[in-house]
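Take a moment with the sequence and the structure. Then follow the helices and the charged side chains.

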Amino acid sequence: MMAHGGYRPGAGRIPTGRKRRNYFLTDDEAAQVAAFIKNIREEEKQLGPSKYYEAVGDRLTGRDQARAYKAAANNLAISSPTYLEDVKRIWDKLEATQEK
């Protein structure tokens, strides 16, 4: 029997770990903060999907962390010269999340 709607294991996107925060800033400060955040997010995009998901997993906990590490493993480039080291590092992190 298949249920419609609601939570399904593995469904949805991996959370980014971002939260809404409220600060009182001047217009100049707000522009500087926006530029700083944009710079951080651009640097994350330059990492590539595997390293991005690994970085996201490092910030998360529990089931979401495991999902991020699995996504990182799935996005590894097989042609990379460090492929085996990357796989081992990510799977070690994934095993550590399972032990908790």
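A residue counts as buried when its relative accessible area is under 20%, and as exposed when that area is over 50%; partly exposed lies in between. Keep those cut-offs in mind. Note too that this is a predicted model.

Start with helix α1, which covers residues 27–46. Its 20 residues reach 29 Å from the first C-alpha to the last. That is close to the 28 Å expected at 1.5 Å a residue. After α1 comes G48, with a positive phi near 95°.

Now turn to charge. Side chains of opposite charge can pair when their charged atoms come close. The structure holds 6 salt bridges.

One of them joins the side chains of K93 and D58, at 3.3 Å from N to O. K93 sits in helix α4 (residues 83–99) and D58 in helix α2 (residues 49–59), so this pair ties together parts that are 35 residues apart in sequence. K93 is partly exposed, at 23% relative accessibility. D58 is partly exposed as well, at 44%.

Other pairs stay inside helix α4. R89 and D86 meet at 3.0 Å, N to O. They are 3 residues apart, about one turn of the helix. R89, at 32%, is partly exposed.

K88 and D92 form a salt bridge at 3.2 Å, N to O. These two are 4 residues apart in α4, again about one turn. K88 is exposed at 53%, while D92 is partly exposed at 38%.

Finally, step back. E54, D58, D86, R89 and K93 are linked in a network of salt bridges.

How values were computed. Residues are numbered from 1 along each chain as its sequence is written. This is a predicted model: local features need pLDDT of at least 70, side-chain atom pairs count only at pLDDT 80 or more; totals for chains, interfaces and linings use all residues. Side-chain values use heavy atoms; hydrogens and water are left out. The expected span of a helix is 1.5 Å times one less than its number of residues. A salt bridge is a side-chain nitrogen of Lys or Arg within 4 Å of a carboxyl oxygen of Asp or Glu. Buried means under 20% relative accessible area, exposed over 50%, partly exposed in between (1.4 Å probe, protein chains only).
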